[in-house]
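Could you walk me through this structure while I have it open in my viewer? I would like to know what to select at each stop and what I will find there.

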Amino acid sequence: MERLIYMNRKIALLTKHNKGKVIKPILEKETGCSLIVETRFDTDKLGTFSREIKRPKSQMDTARIKISKGMKLLKTDIAIASEGSFGSHPFVPIPWNVELVLLYDKKEDMEICGVYEGAETNFSHLKTNSFNDALIFSEKIGFPEHYLILRPDNEYSKTIIKDIDSSYKLKDAFSFCMSKSREGTVFLETDMRAHANPTRMNNIEKATQDLISKLLSFCPDCGAPGFIVNEKIKGLPCELCGLPSEMNLKYIRKCYKCKFTKEQLHPDGKFAPAQHCNYCNP
Ligand SMILES: [Zn+2]
Ligand SMILES: [Zn+2]
């Protein structure tokens with residue numbers, strides 16, 4: 001039987017960049033809530049991808065700030081926030097996007113986070129003096145559906161042109177930045193704001209789906225939502241020598257409400273391949 005866990009509850013979402021577009025339909029359908037989008041607060045004050053304002057807090061803490069502001073402005077006891085980050089993959093030099101969609105239910109004191117992590121992003125930049133190279137770059141990143149941001153000189157210039165979403169705006173912005181440039185170069189970069197970047201919007205939707213599937217896993221004992229893995233215990237024995245490896249031996253799920261716990265042994269198989277063993281493959 002399907003259960004709409006947030007039937008008749010209002011959930012606040014603070015966003016300036018139209019994230020409600022992907023979050024609202026699936027969250028309302030799967031949980032029965034009504035999602036109220038709040039645009040009065042300028043979320044750019046908490047940090048911008050284009051570096052005019054540094055994000056002082058971690059990705060998770062920034063999402064928490066948005067949640068508490070959203071609940072305050074809309075007078076709800078539950079809120080949701082989305083926060084993204086872009087950079088390089090921790091080990092491989094490829095662009096990497098981490099999207100969090102965090103939900104906090106104040107009434108239940110329950111926090112649960114949906115995550116997307118992956119290389120599906122157009123995150124990139126180019127410094128050039130050639131308009132032709134700029135055009136090639138723009139095609140590569142999926143312009144004009146994906147917007148561009150331009151600056152004269154380099155990534156640190158105080159002069160910044162956003163909302164470039166057509167070829168004539170790109171041409172104008174490029175000439176303007178060239179005329180302002182001391183180095184004779186223009187710095188182009190992908191706009192990572194959700195409304196300006198359909199690829200990112202897609203990833204926010206995936207993180208929302210992850211949140212929903214976590215919410216809709218219920219405690220077998222008391223039926224509370226959000227019965228998810230919250231501890232991973234390492235030490236899966238190596239297939240050759242049997243010593244504990246860095247791989248997961250078991251997962252532990254714990255109910256936030258009744259504290260019921262459940263172990264899942266061998267989530268990734270019974271033995272660790274020898275390449276993960278510190279003894280066989282140091
Ligand atoms: Zn429970
Ligand atoms: Zn071994």
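**First stop: the metal site**

Select the zinc ion (ligand 1) together with its donors, and follow them along the chain: their spacing is C-x2-C-x32-C-x2-C. This is a predicted model, so keep that in mind as you look around.

Now show the side chains of Cys219, Cys222, Cys255 and Cys258: each coordinates the zinc ion (ligand 1) through SG, at 2.3 to 2.4 Å. Next, check the angles between the 4 donor atoms around the zinc ion (ligand 1): they span 106 to 113°, and therefore the arrangement is tetrahedral.

**Third stop: the whole protein**

Zoom out and switch to a cartoon, where you can look for 5 helices and 12 strands. The C-alpha atoms fill a box of roughly 65 × 55 × 30 Å along the principal axes.

Colour by burial next: of the 282 residues, 44% are buried. Among contacts with a separation of 6 or more, 60% are between residues 24 or more positions apart.

The accessible area comes to about 15000 Å², with 52% belonging to carbon and sulfur atoms. If you colour by charge, there are 43 positive and 36 negative charges, whose mean positions are 5 Å apart.

Notes:
Residues are numbered from 1 along each chain as its sequence is written. Chains are lettered from A and ligands numbered from 1 in the order in which they are written. This is a predicted model: local features need pLDDT of at least 70, side-chain atom pairs count only at pLDDT 80 or more; totals for chains, interfaces and linings use all residues. Side-chain values use heavy atoms; hydrogens and water are left out. Donors are N, O and S atoms within 2.8 Å of the metal (3.2 Å for Na, K and Ca); water is not among the atoms, so sites may look incomplete. Four donors count as tetrahedral if all angles lie between 85 and 135 degrees; four count as square planar and six as octahedral if opposite donors are over 155 degrees apart and all others between 65 and 115; anything else is irregular. Helices (H or I, at least four residues) and strands (E, at least two) are DSSP runs, numbered from the N terminus. Buried means under 20% relative accessible area, exposed over 50%, partly exposed in between (1.4 Å probe, protein chains only). Contact means heavy atoms within 4.5 Å. Accessible areas come from the Shrake-Rupley method with a 1.4 Å probe; for residues, only the protein chains shown count as cover. Lys and Arg count as positive and Asp and Glu as negative; His and the chain ends are not counted. The place of a charge is taken as NZ of Lys, CZ of Arg, CG of Asp or CD of Glu.
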